Amino acid sequence: MAFDIEMIKEVYSQMADRVEKARELVGKPLTLSEKILYSHLWDGMPNKAFTRAKDYVDFAPDRIACQDATAQMALLQFMQAGKKNVAVPTTVHCDHLIQAKQGAAADLKRANETSNEVFDFLESVSNKYGIGFWKPGAGIIHQVVLENYAFPGGMMIGTDSHTVNAGGLGMVAVGVGGADAVDVMAGMPWELKFPKLIGVKLTGELNGWTASKDVILKVAGILTVKGGTGAIVEYFGPGARNLSCTGKGTICNMGAEIGATTSTFGYDESMERFLRATDRAEIADEANKIKEHLTGDPEVYDNPEQYFDQVIEINLSELRPHLNGPFTPDLATPVGELGEKAKKNDWPIKVDWGLIGSCTNSSYEDLTRAASIAQQAIDKKLRPKSDFGINPGSEQIRYTAERDGLLSVFENLGATIFTNACGPCIGQWDRSDLKGEEKNTIVHSFNRNFSKRADGNPNTHAFVGSPEMVAAIAISGRLDFDPMNDTLLNEDGQQVKLDEPRGIELPPDGFDVDDNGYLAPTEDGSSVEVKVADDSERLQLLTPFEPIKDSELQGVKLLIKAFGKCTTDHISMAGPWLRYRGHLDNIANNTLIGAVNAFNKKTNFVKNQLDGEYGGVPDVQRAYKVKGIKTIVVGDHNYGEGSSREHAAMQPRHLGVAAVLVKSFARIHETNLKKQGMLGLTFMNEADYDLIQEDDTFNFVDIADFAENKPLTIEVVHADGSKDVIKANHTYNDAQIKWYREGSALNLIKKQNA
């Protein structure tokens, strides 16, 4: 069934005229990204050409998707907006709050028992405000979106950084914080700085052990975790057309790991096949009518250097399989070279787990390629040396894979089939085979491998690869195994070699499902009651943030100077803390507990300037809050990398942090800080980071004159009375300064709706 087909037809009916007008204004051929951006302007027909990386632009997204962990805070905010219904099609997907432990049935049952309060809240609030609801077990948000909602040429936003997965179906799909989503739900425009454009030309064709995953693993190695910041990555070329739709989705999905705003591909036959296979032939028919507008202009792809800010070329025929890691998704190593690197760095060679699934690699094709390796292990009498875990991407995929015998192959190999949910990928994994903080290695087909990400153990070395490579490495039990060249000893004492994986793009007998887990909202939700218990530990109605007064920005204390990588996982951990995602005060107790203190290289151990004692970051911050003292967080490059979770901004704000001063920001986190009425600033001179001392107090000298394109002056007073005066840049425009002055963007929306 094609959801929202009339909306899609309307988008397509306007696209040709808007693209033609944009082409006229820009004065040159357009990339696909530009076509989608210019055809989704809030004002409708384009009337000016925008400057990349400079102009802030208001857009009108076609739809919104929220996962259960972030949906709680987004919908709690939306409830304050005073609206009867969401203004654009919106869905909620329950995929984050299901812990992987025993297997699908037991784990789902336990989740429904332990998180029923949250699921009931999300279902009721969805029903009240016209939001489609996908029950626990229905699938991982981004795979469900790809199968049901994504469409070529569309624009969507989602409260999860991997919303970008929908680029596999030719969308501009962007991960945002909940406050951004609330704006659009409330009928307001969505603001984005017009992105730069990175073109990736793909030639050749994947072969052997190389998979779509290896494309983005290679790109991550080239661009690093911040190389795509502020840019859309557009893939094109004959190699792009040779990839499956879900393979394209995998590549776009991990674009979040290079900091890209989003990634996308032009509409082609693989997308048409996928649309028809997922019961959306009507969308394919409509897309075919305007297909020249659903890809970049030919001149762009013929001479990409003239139209993109940066161009990368990859020959798929020469691309080698990669494993990226540990601890960062951009540390790229071709398989076959990893053994030597592991020994040099003292990474554990023995592999304890192989995990297949996540929003990145859980399609039918992914499972068939991994299953082809698993079946070989059975046929060649190889006993796996590592444990296996499988997370199917959706109930539709799980049901179809079970029907076609794929899941039984994994089970015959001793694998545990977990729920159709995120599971270990986002720390929802009750791992019983380790005690304490043992040093160990796992391989997985996920997207992120930050320290503590999968199991909470800082010494788990996680490596990212394709599902088939994960299967091969797990069967061997060794990180240095190269299936292209190495052999394994089977139960008969024979040396055997694994053959190349074989995959099936789409199920030959079509997709099938008994219950896909979707609940449509009632037409009139005015009588639906949304209940939040006063004594709930998991849900808490929000109180609007008070504006930060200029006088409060004098005598600001340093809370923490973060050393090195500080992702949203460091600022607001997932795992067991997911249970508090709907209760701001309770989850604030994990604020910055993973950040490394630059002065003692410890986590969750900072100096309280009031008494000179050391304590946990949230405890020290609460002591400042009691005294009415505002604080500042200082950080390194790409601060706030990773998830879109706005909790990483709301928690510090709730506790009394007024400003975050860093060398550079990850895009989503910077926006989240702005939305919550905080100061997100960068050092004009990066070396000034080194001036910050443990007992420093900060005076924002000219905050009364806070204005667009005007740096702020900050006086840093050291404990010995000496001072340094530093300059801090910012990217606030006039509208965003109003968010700050009102206390938050939501406060401004409520004021305008009053």
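Axes here are lines fitted to C-alpha atoms, for helices over the stretch in contact, and angles between N-to-C directions run from 0 to 180 degrees. Keep that in mind as we walk through this model, which is predicted.

Let's start with a pair of helices. Helix α3, residues 68-78, packs against helix α7, residues 178-185, at an angle of about 45 degrees, and their axes lie 9 Å apart. That angle makes α3 oblique to α7. The crossing of α3 past α7 is right-handed. On the α3 side, the contact is made by Ala74, Leu75, Gln77 and Phe78, while α7 brings Gly178, Ala179, Val182 and Met185.

Next, have a look at the open sheet. Six strands build it in the order β6-β5-β2-β3-β4-β21, with mixed pairing. Its edge strands are β6 (172-175) and β21 (518-519), each of which pairs on one side only. Strand β2 pairs in the parallel sense with strand β5 (residues 155-158) over 3 bridges, and arginine 63 has methionine 156 in β5 as its bridge partner. A helix joins the picture here: α6 (residues 141-148) packs on the sheet and touches β2, β3, β4 (132-134) and β5. The direction of α6 makes about 150 degrees with that of β2.

Strand β2 (residues 63-67) also runs parallel to β3, and 4 bridges join the two. Within this pairing, glutamine 67 stands opposite histidine 93 in β3. Is strand β3 buried or exposed on its two faces? In a regular strand, side chains alternate between the two faces of the sheet. In β3 (residues 90-93), Thr90 and Val92 lie on one side and Thr91 and His93 on the other, and all of them are buried, so both faces are covered; buried means under 20% relative accessible area.

Phenylalanine 698 stands opposite valine 716 in β29.

Note on methods
Residues are numbered from 1 along each chain as its sequence is written. This is a predicted model: local features need pLDDT of at least 70, side-chain atom pairs count only at pLDDT 80 or more; totals for chains, interfaces and linings use all residues. Side-chain values use heavy atoms; hydrogens and water are left out. Angles under 35 degrees count as roughly parallel, over 145 as roughly antiparallel, 65 to 115 as roughly perpendicular and the rest as oblique. A crossing is left-handed if the near helix is turned anticlockwise from the far one by less than a right angle, and right-handed if clockwise. Contact means heavy atoms within 4.5 Å. Buried means under 20% relative accessible area, exposed over 50%, partly exposed in between (1.4 Å probe, protein chains only). Two strands pair if DSSP finds at least two bridges between them.
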